[in-house]
Amino acid sequence: MSNVRTSSQKAMKRWKMHRNALIELAAVFPESSGSWRPWKEGMTVIELVHHLAWTPEFFLAPIEGREMNIPPVPETLSEARKLLEELTNAHEKIVASLTDEDLEMETTIDLFKLTEPTEDMLYRLIGHEAHHKGQLILYARILGAEPPFYVDLSL
């Protein structure tokens, strides 16, 4: 049996390596840290988890040719974690449904006036998530929590 992965399987693996680590990272914060922010204009822990939870929509909605669905910011860190898991499940189904042919098609993000192959768009999503996950890792360290490894190597 071959271990050769399709382009869509590779994109899913790379996203899930980051997303699984993000879910693990969100779990290390005590509930009381939800409203903490590192500077006056910075996102709180809840806001950053919320941002990471919904932003796949920013990339997946144009891929699917639909409007974004942005949920409201949760009031508690527990609610933010739950939203992260729920949206991860929903977004995973979308990414899993993409074929290699889909990844070759062009996708446009109107806000950025950017058109590129869908596969490149998925890697933008992964880069965006890695960037903000790095912020959340720093939040954890500042708050005295031990973050997990930055990616899930079990995949």
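1. Let's start with a pair of neighbours: H2 and H3 are roughly parallel to each other, because their axes cross at roughly 20° and angles under 35 degrees count as roughly parallel, over 145 as roughly antiparallel, 65 to 115 as roughly perpendicular and the rest as oblique. Those axes come within 5 Å; they are lines fitted to C-alpha atoms, for helices over the stretch in contact, with angles running from 0 to 180 degrees between N-to-C directions. The helix and strand labels come from DSSP runs (H or I, at least four residues, for helices; E, at least two, for strands), numbered from the N terminus. On the H2 side, Leu52, Ala53 and Trp54 make the contact, and on the H3 side Pro56, Glu57 and Phe58 do. Contact here means heavy atoms within 4.5 Å. Sorted by class, this contact has 5 nonpolar, no polar and 1 charged residues. (Ala, Val, Leu, Ile, Met, Phe, Trp, Tyr, Cys and Pro count as nonpolar, Asp, Glu, Lys and Arg as charged, and the others, Gly among them, as polar.)

2. A quick word on what you're looking at: this is a predicted model, where local features need pLDDT of at least 70 and side-chain atom pairs count only at pLDDT 80 or more, while totals for chains, interfaces and linings use all residues. Residues are numbered from 1 along each chain as its sequence is written, and side-chain values use heavy atoms, with hydrogens and water left out.

3. Now stay with H3 and ask how enclosed it is. Since 7 of its 9 residues are buried, H3 is largely enclosed by the rest of the structure. Buried means under 20% relative accessible area, exposed means over 50%, and partly exposed is in between (1.4 Å probe, protein chains only). The buried ones are Pro56, Glu57, Phe58, Phe59, Leu60, Ala61 and Ile63. What do they pack against? Their partners are H1, H2, H4, strand S1 (106-109) and H6. Just after H3, have a look at glycine 65, which takes a positive phi of about 70°.

4. H3 (residues 56-64) also meets H6 (residues 118-142): the two axes come within 9 Å and cross at roughly 170°. H3 and H6 are therefore roughly antiparallel to each other. From H3, the residues involved are Pro56, Phe59, Leu60 and Ile63, and they meet Thr118, Met121, Leu122, Arg124, Leu125, His128 and Glu129 in H6. That contact divides into 7 nonpolar, 2 polar and 2 charged residues.

5. Next, the inside. In soluble globular proteins, nonpolar side chains tend to be buried together. In this model the largest nonpolar core has 37 residues, and Phe29, Val45, Val49, Leu77, Leu122 and Leu136 touch the most other members. (Such a core is a set of buried Ala, Val, Leu, Ile, Met, Phe, Trp, Tyr and Cys residues joined through side-chain atoms within 4.5 Å.) Helix H1 (7-26), H2, H3, helix H4 (77-97) and H6 each supply at least two residues of this core, and H6 gives the most, with 8 residues.

6. Zoom in on valine 49, which sits in helix H2 (residues 45-54). Valine 49 is buried, at a relative accessible area of 1%. Leaving aside neighbours within four places in sequence, valine 49 is in contact with Ala26, Leu77, Ala80, Arg81, Leu84 and Leu136.

7. Is a lysine buried or exposed when it sits at 12% relative accessibility? Lysine 16, in helix H1, counts as buried at that value. Not counting residues up to four places away in sequence, lysine 16 touches Thr88, Glu92 and Leu155. Histidine 91, in helix H4, is buried too, at 1% relative accessibility.

8. Last, the rings. The whole structure has 4 aromatic pairs; rings of Phe, Tyr and Trp (its six-membered ring) pair if their centres lie within 6.5 Å, and planes under 30 degrees apart count as stacked, over 60 as edge-to-face and the rest as tilted. Tryptophan 36 and tyrosine 139 make an edge-to-face pair, 5.3 Å centre to centre with 85° between the planes. Tryptophan 36 lies in the loop between H1 and H2 and tyrosine 139 in helix H6, so the pair ties together parts that are 103 residues apart in sequence. Tryptophan 36 is partly exposed, at 24%, whereas tyrosine 139 is buried, at 3%. Ring pairs also link Phe58, Phe59 and Phe112 into a cluster.
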